Amino acid sequence: MTLDVARIRKDFPVLQREIDGKPLVYLDSANTSQKPQVVIDAMTSFMETAYAPINRSAYQLAAEATDLYEGARTKVARFINSTKSNEIIFTKNATEALNLVIMSWGRANLHPGDVVLLTHLEHHANIVPWHMLVAERGIKLRWVPLTADGQLELTNLDSLLNGVKVFAFTAMSNVLGTITPVVQLCAAAHKAGALTIVDACQSVPHLLTDVRAWGADFIAFSSHKMCGPSGVGVLWGRESLLDELPPFLGGGNMISDVRLDGFIPAELPAKFEAGTPPITEVIGLGAAIDYLERIGMHNVRQHELQLSTYVLNTLTQRFGDDITIYGPSNSEQRSATFSFSFRGIHPHDLSQVLDQHNVCIRAGHHCAKPLMRVLGTNATARASFYLYNTEADADALANALDSASDIF
Ligand SMILES: Cc1ncc(COP(=O)(O)O)c(C=O)c1O
């Protein structure tokens, strides 16, 4: 193993927990990740010693809080290799970040008949806002289909991009684990004159992110999937594009002036951070980034690569045709998130039986109903691994699956 996972596990208090004398096997990190002590401590310490409003008050405590909040913005910028911290906008979550850019950019730039390109891999957060613009603006949606093993079918990408205004796609599927070729997709979109919005919600916690190398225009992700707290998400955009966008939410903090007959928005990033932000959570995200950087995103990826190969081998060797694992069969092309069906047992039943062994997985449509329809199913079981998971967790999953067959 590339990582000292035994040591890493000690950083996560909840992983020390036993239920009915059995250890917790947490395999739902694609949903939300667990939190290391350093993140919990950073948030507690801020609330105990330096909690104050940011940006508004002249006293020292508020200045300290503002420094911590803005310090986290600098950490996020560094983590994704953005040139400027004012390209980082804090939102409530990735969903709000996507809605911000889709609605703000879309309402200003899209007209009836304009085409937006999406893919069959998308999460509802990168589908539903577009459907709302279909109703509001009369735009049209076009879709990149999938290959049999759950990768994007890119043979006709250039013709799919023909006349497209914006190409919005995931960097990593939350259902199939598919890693998409972001650099290639951004380059093809730009060649066709389209902007790119990358849903990086699944990839940022697991892969090294380099927005400059990607060539993307906007990316969105959530803190809670990358060891940080819930309640904060990130929109990154190119400064020149963000400067042109109208504000999304109006209120305090996002203005430079307000009169009876109108308002003047603030400069970036305040323009998009209306109201009191999630101050403590942003500071927690900063601590999560410090933590992940200390471990090294390259090491996280190497660990998950080894683990993916182990999971794929274990489940296919042990269960053969009784298990269908959706998505790429090659670990290099996928994350350690596995959607599967097993011996015809309904995923919800499966997850309940697994829960009796303290194995936590997710069952359902994973907020990707169009993809479920493409796969020809209503729901899958999904086991998702992260830096704190081990081969023993994969074995526990396999053992628990075996026991489910005894019941059904
Ligand atoms: C690929 C993808 N996009 C967007 C989201 C939405 O993230 P959030 O619920 O944190 O807004 C998720 C969450 O599962 C996701 O997996």
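For my own reference, contact here means heavy atoms within 4.5 Å, and buried means under 20% relative accessible area, with exposed over 50% and partly exposed in between, using a 1.4 Å probe and protein chains only. Helices (H or I, at least four residues) and strands (E, at least two) are DSSP runs numbered from the N terminus.

I noted that this is a predicted model, in which local features need pLDDT of at least 70 and side-chain atom pairs count only at pLDDT 80 or more, while totals for chains, interfaces and linings use all residues. Residues are numbered from 1 along each chain as its sequence is written, and side-chain values use heavy atoms, with hydrogens and water left out.

I then turned to S82, which is found in the loop between α3 and β4. Is S82 buried or exposed? S82 counts as buried because its relative accessibility is 8%. Leaving aside residues up to four places away in sequence, S82 touches A77, E87, V211, R212 and W236. A polar atom of the S82 side chain also lies 3.0 Å from the backbone oxygen of K84. A polar contact is a pair of N or O atoms within 3.5 Å; within protein, one must be able to donate a hydrogen and the other to accept it, and residues adjacent in sequence count only if both atoms are side-chain atoms.

**Strand β9**

I next followed strand β9 (residues 218-222), where five of the five residues are buried. On one side F218, A220 and S222 are covered, and on the other I219 and F221 are too. I reminded myself that in a regular strand the side chains alternate between the two faces of the sheet.

Two strands pair if DSSP finds at least two bridges between them. Strand β8 (residues 195-199) pairs with β9 in the parallel sense over three bridges, and A220 in β9 is the bridge partner of D199. Strand β10 (residues 233-237) runs antiparallel to β9, and five bridges join the two; here W236 in β10 is the bridge partner of I219.

**Cores and domains**

I looked up the nonpolar cores, each a set of buried Ala, Val, Leu, Ile, Met, Phe, Trp, Tyr and Cys residues joined through side-chain atoms within 4.5 Å. In the largest one, which has 75 residues, F90, F167, V198, I219, M226 and L387 touch the most other members. Helix α10 gives the largest share of this core, ten residues. Domain 1 (5-30 + 296-405) and domain 2 (41-294) both contribute residues, so this core lies between them. A second, separate core of 28 residues includes L307, F342, L350 and I361.

The domain bounds come from an automatic or database domain assignment. I noted that 28 Å separate the centres of domain 1 and domain 2, taken over C-alpha atoms, and that the contact takes 34 residues from domain 1 and 32 residues from domain 2.

**Backbone geometry to revisit**

Most residues other than glycine have a negative phi, and most peptide bonds are trans.

- The peptide bond from L268 to P269 is cis, with omega near -10°, and P269 sits in the loop between β12 (262-265) and α10.
- N358, which is not a glycine, has a positive phi of about 60°, lies in the loop between α12 (347-355) and β15 (359-360), and is buried with a relative accessible area of 5%.
- H366 has a positive phi near 60°, belongs to the loop between β16 (362-364) and α13 (369-375), and counts as buried at 0% relative accessibility.

Which residues does H366 touch? Not counting residues up to four places away in sequence, H366 touches H123, N174, V175, S339, M372, T380 and R382.
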